[in-house]
Protein chains: 2
Amino acid sequence: MSNKVINYLNEHQEEYLEVLNDFLSIPSVSTDPNSNEDVKKAANFVREYLDRIGFEKVEVQSTGGHPLVYAEWLGAGENAPTVLLYGHYDVQPADPLELWTSEPFKPEQRDGRLYARGASDDKGQVFMHLAVFEAFMEMDGKLPINVKVCIEGEEEIGSENLYAVLEEKKEQFQADFAVISDSGMVAENQPTILYGLKGFTGLEFTIHGPSSDLHSGIYGGAVRNPAMAMAHVLSSLKDKDEVVQVDGFYDQVDPLSEVERELIADVPGEDFKATTGVTKTVSEKGFTAKEHTMARPTLEINGVYSGYQGEGTKTIIPSTATAKITCRLVPGQEPEHIQDLVIKHIEEHTPAGVKLDIKKEPLSAKAYKVDPDHVLIKKAAESYTKAFGKETVFVRMGGSIPVVEWIDTIYNMPIVLLGFGTPNDRLHSPNESFPLENFQKGMETLVYYWQSLNENK
Amino acid sequence: MSNKVINYLNEHQEEYLEVLNDFLSIPSVSTDPNSNEDVKKAANFVREYLDRIGFEKVEVQSTGGHPLVYAEWLGAGENAPTVLLYGHYDVQPADPLELWTSEPFKPEQRDGRLYARGASDDKGQVFMHLAVFEAFMEMDGKLPINVKVCIEGEEEIGSENLYAVLEEKKEQFQADFAVISDSGMVAENQPTILYGLKGFTGLEFTIHGPSSDLHSGIYGGAVRNPAMAMAHVLSSLKDKDEVVQVDGFYDQVDPLSEVERELIADVPGEDFKATTGVTKTVSEKGFTAKEHTMARPTLEINGVYSGYQGEGTKTIIPSTATAKITCRLVPGQEPEHIQDLVIKHIEEHTPAGVKLDIKKEPLSAKAYKVDPDHVLIKKAAESYTKAFGKETVFVRMGGSIPVVEWIDTIYNMPIVLLGFGTPNDRLHSPNESFPLENFQKGMETLVYYWQSLNENK
């Protein structure tokens with residue numbers, strides 16, 4: 001069956017890529033104060049695009065930081081669902097520049113890919129949505145669904161002002177569901193829906209021993225060594241089978257159903273040994289590495305330091321020892337509760353003769369999971385499969401995306417993480433790129449998806 | 001009974017202090033290449049002094065580094081013993097200068113102390129020997145014993161060239177015993193003979209995990225965290241009772257006799273809590289902190305580092321983790337054997353999934369101990385007691401002094417560690433000083449000691 005919107009998009013691919021080039025050529029590096037004008041320019045690019053294709057209430061909203069672009073088109077009527085589309089127009093810095101083959105802000109096509117900072121994360125994927133909306137407008141004079149667009153400019157600096165905006169504009173932004181295209185496939189050309197993210201909580205602890213570094217000969221044998229005390233505490237947190245030993249850590253964990261274990265088994269797994277360089281993968285006893293990374297909570301040491309770090313030997317007993325720890329959480333686990341349990345464990349396992357100082361990481365996130373059988377997910381998967389010609393897999397990810405938790409918490413609506421990136425896109429690194437084919441097939445996916453939802457409500 | 005040598009010294013204290021001021025005013029900082037001329041100047045000061053008071057074969061010997069001053073006076077005849085006097089004329093840097101109350105190289109008397117870099121370590125103590133020799137020469141025209149003097153200029157930089165010199169000049173330097181005044185009392189005005197030093201051995205190990213730092217969300221659960229692996233290894237080395245868990249670590253340790261435990265109990269112990277700021281001392285199960293620091297082997301972590309050390313949180317799995325360890329050894333323990341045992345333990349306790357890399361510290365030292373009942377020690381203690389009016393205590397120290405092991409190994413002669421410093425001298429720190437009273441009483445001690453030995457052989 002011929003699809004005139006898709007035909008239109010395919011016929012105009014070249015022109016769309018040219019417009020995308022303009023978008024990618026703006027160095028909207030949110031972390032760099034010297035790029036403030038370019039960040040505004042990128043926001044205006046989005047505003048003008050939405051304005052031109054017929055969106056309403058198009059505005060660049062100030063946030064206290066970089067602005068956010070809002071627009072809506074609600075002409076599909078009350079019988080069509082309303083989607084909140086989230087994305088971001090800001091990008092990571094391009095350094096180190098010398099490692100780029102072509103210039104980061106002069107997009108170049110090579111070997112079937114478009115190379116530019118932001119090609120995948122997230123300008124390229126935001127642009128696909130804009131182009132699809134335009135094609136619908138051109139062909140049908142309308143969209144199959146109601147749309148609210150929220151494209152922010154601070155994602156790469158932690159979405160500093162977004163939470164406040166989402167709370168404040170709750171009425172304006174409220175929708176039936178949210179779609180975010182800021183993630184990717186587990187493998188090239190493998191349609192992938194992300195249906196779960198981990199939460200996290202973190203802390204840092206410092207063990208204070210003697211008031212200054214001591215001569216290890218004169219004082220060794222009289223005082224507790226803070227580095228050794230830290231080693232005792234850290235090693236008590238997790239056993240060699242990668243099972244967290246903190247009392248109650250797993251108590252609230254939603255058990256992994258057989259259905260989910262099968263879903264996970266079906267995902268073409270990353271070759272962890274190849275990508276990380278380890279000689280052997282290790283995972284929690286009773287779970288595969290895929291299950292552990294996607295769907296089981298973890299506790300990791302992110303850094304430790306104590307005493308002498310230079311060349312050779314310095315025979316001291318260090319005055320202090322510090323460790324940084326984060327936990328990745330799964331549905332059921334409350335970040336603050338887990339943080340408290342870990343703190344209690346650390347306190348109980350700190351030996352006598354040293355003083356313990358704990359700093360809680362103030363940021364935390366709850367895990368997010370949507371039912372992979374939810375109709376909005378099912379339809380997204382069907383559209384994805386149809387466009388790419390391959391069965392969609394459903395994955396959970398060990399990472400956390402704060403905006404997902406915030407939308408979940410504040411708006412309490414399902415979130416469809418429909419991303420078209422690939423593991424080879426080199427996000428945040430030199431030579432970021434995006435497969436040209438995925439622009440086309442990704443747009444097709446979106447067309448199918450929006451069309452499928454029009455029959456639905 | 002009046003002692004004319006002591007009387008002479010007491011009458012000329014002021015003049016001696018003035019000459020000492022000249023010596024202390026030379027910034028002979030051996031580690032600083034800009035001080036090379038001053039280092040030579042200090043060597044010449046010693047050479048000229050010995051030459052002037054009648055020593056023979058006085059020479060500044062080149063060593064490949066800073067020179068060594070050698071001189072001898074063998075006129076006491078074959079029936080008197082020959083002592084090798086070791087000391088050093090080089091000093092530590094004075095930085096940070098702003099923390100000195102008076103200038104480090106402009107000696108100043110305050111509150112009964114002489115403040116200057118080197119006042120205690122070791123120019124002040126070397127000078128006491130020179131002054132005592134001079135007084136004997138002035139009063140008796142001779143010394144009661146035969147003397148060989150070896151004053152080096154590289155002690156503060158690890159005596160880099162001394163071992164080779166001691167080996168090469170074995171015939172020239174050989175004596176019946178050695179005396180070193182480069183240590184101190186356990187408390188102010190507490191005559192102290194050091195009769196044992198610990199040895200040491202060290203190593204550094206690095207645990208290699210993934211080839212670069214990894215995203216803890218995406219990879220947490222699939223790879224072994226090197227920092228956690230390191231914590232498991234480190235914590236296995238010593239239990240919470242401070243007992244080293246390395247197989248065979250204590251096998252060759254000479255047991256601590258009841259006699260020695262009593263000697264140690266008699267030493268007025270340092271108030272470890274006051275000097276180190278810890279809330280509680282800890283020591284090996286079954287031993288006091290004094291016993292553990294003086295006479296039991298220890299294993300200490302000197303430094304660890306892994307992953308992120310900055311402010312806040314960085315959610316990574318570190319690529320590597322490194323730890324530095326040194327052991328202080330007691331008589332019976334072979335440094336290389338202990339190093340091998342620790343390495344074997346680390347290898348056996350490194351979990352699967354990471355790679356272990358071990359760097360042996362090439363420097364090591366055997367422990368040194370002389371029988372506290374040896375007649376040369378007894379006589380030194382009696383002289384010390386007579387001069388200070390207080391019973392001498394016998395201590396072993398947790399530190400290592402390489403030259404002591406070298407003299408022991410190469411010359412196989414007893415070494416009398418007859419030091420007059422105090423715990424408040426602030427060696428290597430700003431405001432180094434030495435009690436004026438100890439110059440006088442220390443010189444008296446030396447006079448009594450040399451005189452006592454003349455009746456002896």
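Modeller: The residue I would begin with is A:S159, found in the loop between β6 (146-152) and α5 (162-168) of chain A; helices (H or I, at least four residues) and strands (E, at least two) are DSSP runs numbered from the N terminus. This is a predicted model, in which local features need pLDDT of at least 70 and side-chain atom pairs count only at pLDDT 80 or more, while totals for chains, interfaces and linings use all residues. Residues are numbered from 1 along each chain as its sequence is written, and chains are lettered from A and ligands numbered from 1 in the order in which they are written.

Although A:S159 is not a glycine, its phi is positive, at about 50°. A:S159 counts as buried because 23 C-beta neighbours lie inside 10 Å; the term buried requires 20 or more other C-beta atoms within 10 Å of the residue's own, exposed means 12 or fewer, partly exposed covers the range in between, and C-beta atoms are placed from the backbone. A:H428, another residue other than glycine, has a positive phi near 65°. A:H428 is placed in the loop between β17 (415-417) and β18 (433-435) of chain A, and with 12 other C-beta atoms within 10 Å it is exposed.

The backbone has cis peptide bonds to note as well. One joins A:D121 and A:D122, with omega about 0°; A:D122 belongs to the loop between β5 (113-115) and α4 (123-140) of chain A. In chain B, the bond from B:D95 to B:P96 is cis, with omega near -5°, and B:P96 sits in the loop between β3 and β4 (108-110).

Strand β3 (residues 82-88) of chain B is mostly covered, with 6 of its 7 residues buried. This strand runs parallel to strand β6 (residues 146-152) of chain B, to which 7 bridges join it; two strands are said to pair if DSSP finds at least two bridges between them. Within that pairing, B:V83 has B:V147 as its bridge partner. β3(B) is also paired in the parallel sense, over 4 bridges, with strand β7 (residues 177-180) of chain B, where B:L84 stands opposite B:A178.

Leaving aside residues up to four places away in sequence, A:F45 touches A:F23 and A:I26; contact means that the C-beta atoms, placed from the backbone, lie within 7 Å. A:F45 and A:Y89 are 44 residues apart along the chain, and their C-alpha atoms are separated by 9.3 Å. A:I401, in the loop between β16 and α14 (402-411) of chain A, is buried with 23 other C-beta atoms within 10 Å.

Turning to the whole chain, chain A has 15 helices and 18 strands, and buried residues make up 55% of its 457 residues. Of the contacts in chain A with a separation of 6 or more, 79% are between residues 24 or more positions apart.

An automatic or database domain assignment divides chain A into domain 1 (4-197 + 367-454) and domain 2 (200-257 + 294-360). Between them, 7 residues of domain 1 of chain A are in contact with 8 residues of domain 2 of chain A. On the domain 1 side, strand β16 (residues 393-397) of chain A provides the largest share, 3 residues.

Finally, the two chains. Chain B can be laid on chain A with an RMSD of 0.3 Å by a turn of 179° and a shift of 0.2 Å along the axis, the superposition being by least squares on the C-alpha atoms of residues with pLDDT of at least 70 in both copies. That is the relation of a two-fold axis. Contacts link 69 residues of chain B with 69 residues of chain A, and strand β11 (residues 298-307) of chain B gives the most to its side, with 9 residues. Because 100% of the interface residues of chain B are also interface residues in chain A, the copies meet through the same surface. Strand β11 (residues 298-307) of chain A pairs with β11(B) in the antiparallel sense over 5 bridges, with A:G303 opposite B:G307.

Key. Contact = placed C-beta atoms within 7 Å.
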